[in-house]
Structures are given as structure tokens and as C-alpha cells.
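Thanks for coming. I will keep this short and stay with what can be read off the coordinates.

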Amino acid sequence: MTKRNAVFAGLFLAVTLAGLWLVFSQVESFRNARRLKSALTALPEGSTTLEQAVPFDWEAVYSFEPYTSREEIARTIGFDSPEISETMGEGMTQLIFVEEGRVVLCICAYPENLGYDVDFAGCVRYGEHTRFAVRQGDVVRLAPEPA
């Protein structure tokens, strides 16, 4: 094998591995989004914690105001990720679930399209057991209960 062929083979392998990594990382995100929607839209009216309601592993979930820049989001969660997106309009839900230094789910959509809305400011960490009131309607709404 010539040096040129070896370089092309190495480039092909690198591009293939990068493509597979992107595809499989998106599969986890799509699966988590589907599982979250199923879990949250099935919640009965009442009270729950995110530890009880979220059906995948996470360490922290962050909520951001509309138009928060990607740079500010990365600074807040402690790292940058291609999964991070910023909201493009008022009233959008933006949740970023993080585990072990990676984004396991980034939700950025209107509640009417999601079927649910989780409304809190800042960050909720796994193990804090923050109570959320659950209200059923056209959209299932979760809001922190008063302390």
C-alpha cells in the first residue's frame, strides 16, 4: 500500500467513525425525547419529582430563558456540545438534561408541539427531590410547588 492510499484509508476510517458516532449519539437523544414525552404526558394530576418522572439517567436538568446564547448555555452547564440549541421564540420550552459531562437530551420546542411543559428557572439536580405540581390539559404542565 502506498503512502497516499494509506492516508486515504485513514481519512475514510476517521470520517466513517465520526459519522457513526453522530448517528448513534442522536439515536440516544431521540429515544430519550420519546420516552420523556410518554412519561410526562401520562402523569396523573397531582405532584411528582423529576426523579420519579424522567425515565432515563440524568444528573442535572437546566432551563433557559428565550434567546439565551449557545455560549451562555455552555458556560452554565460547564461544557459545549453540538446538541445545544437556543430558543428562537417566546414561550418555547428549553430543557437540557446532562449526565457525566454530556448532554443526554436537549428539548427546545413549543409546549403545544411537545405535549408537555416543565416550567422552572435555573437548574434541578438529581437527588434534590424538587416537587412539581402536575396539571393536565391540552398540555401537561409541571411547575415547582411552593416550598
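Predicted model: local features only at pLDDT ≥ 70, side-chain atom pairs only at ≥ 80, totals over all residues.

Residues are numbered from 1 along each chain as its sequence is written, and side-chain values use heavy atoms, with hydrogens and water left out.

Helices and strands here are DSSP runs numbered from the N terminus, helices being H or I with at least four residues and strands E with at least two. Two strands pair if DSSP finds at least two bridges between them.

Start with the antiparallel sheet. It is open and has four strands, in the order S4-S3-S2-S6. Strand S4 (102–109) and strand S6 (122–125) are at the edges with a single partner strand each, so one side of each has no neighbour in the sheet. On average, neighbouring strands are turned by 15 degrees against each other, direction ignored. The angles come from axes, which are lines fitted to C-alpha atoms, for helices over the stretch in contact; they run from 0 to 180 degrees between N-to-C directions.

Seven bridges hold the antiparallel pairing of S3 and S4, and Glu99 has Arg102 as its bridge partner in S4. Helix H3 (residues 70–77) packs on this sheet and touches strand S2 (60–63), S3 and S4. The direction of H3 makes about 40 degrees with that of S3.

The other open sheet also has four strands, ordered S1-S7-S8-S5, and its pairing is mixed. Its edge strands are S1 (46–49) and S5 (116–118), each pairing on one side only. S5 and strand S8 (residues 140–144) run parallel and are joined by three bridges. Within that pairing, Val118 stands opposite Leu142 in S8.

Now the threonine. Is Thr93 buried or exposed? Thr93, in strand S3 (residues 93–99), has 4% relative accessibility and therefore counts as buried. The cut-offs are under 20% relative accessible area for buried, over 50% for exposed, and partly exposed in between, with a 1.4 Å probe and protein chains only. Leaving out residues up to four places away in sequence, Thr93 touches several others, including Ile107, Leu114 and Val118; contact means heavy atoms within 4.5 Å.

On to charges. How many salt bridges does a search of the whole structure find? The count is four, a salt bridge being a side-chain nitrogen of Lys or Arg within 4 Å of a carboxyl oxygen of Asp or Glu.

One of them joins Arg102 and Glu28 at 2.7 Å, N to O. Arg102 is in strand S4 and Glu28 in helix H1 (residues 3–41), so this pair ties together parts 74 residues apart in sequence. Another is between Asp117 and Arg141, with the closest N and O atoms 3.2 Å apart. Here the link runs from strand S5 to strand S8, 24 residues apart. Asp117 is buried at 14% relative accessible area, whereas Arg141 is partly exposed at 36%.

Last, the cysteines. With a disulfide defined as a pair of cysteine sulfur atoms within 2.5 Å, the count is zero. For Cys106, the nearest cysteine sulfur is that of Cys108, 6.0 Å away. Cys106 is buried at 16% relative accessibility, and Cys123 is partly exposed at 28%.
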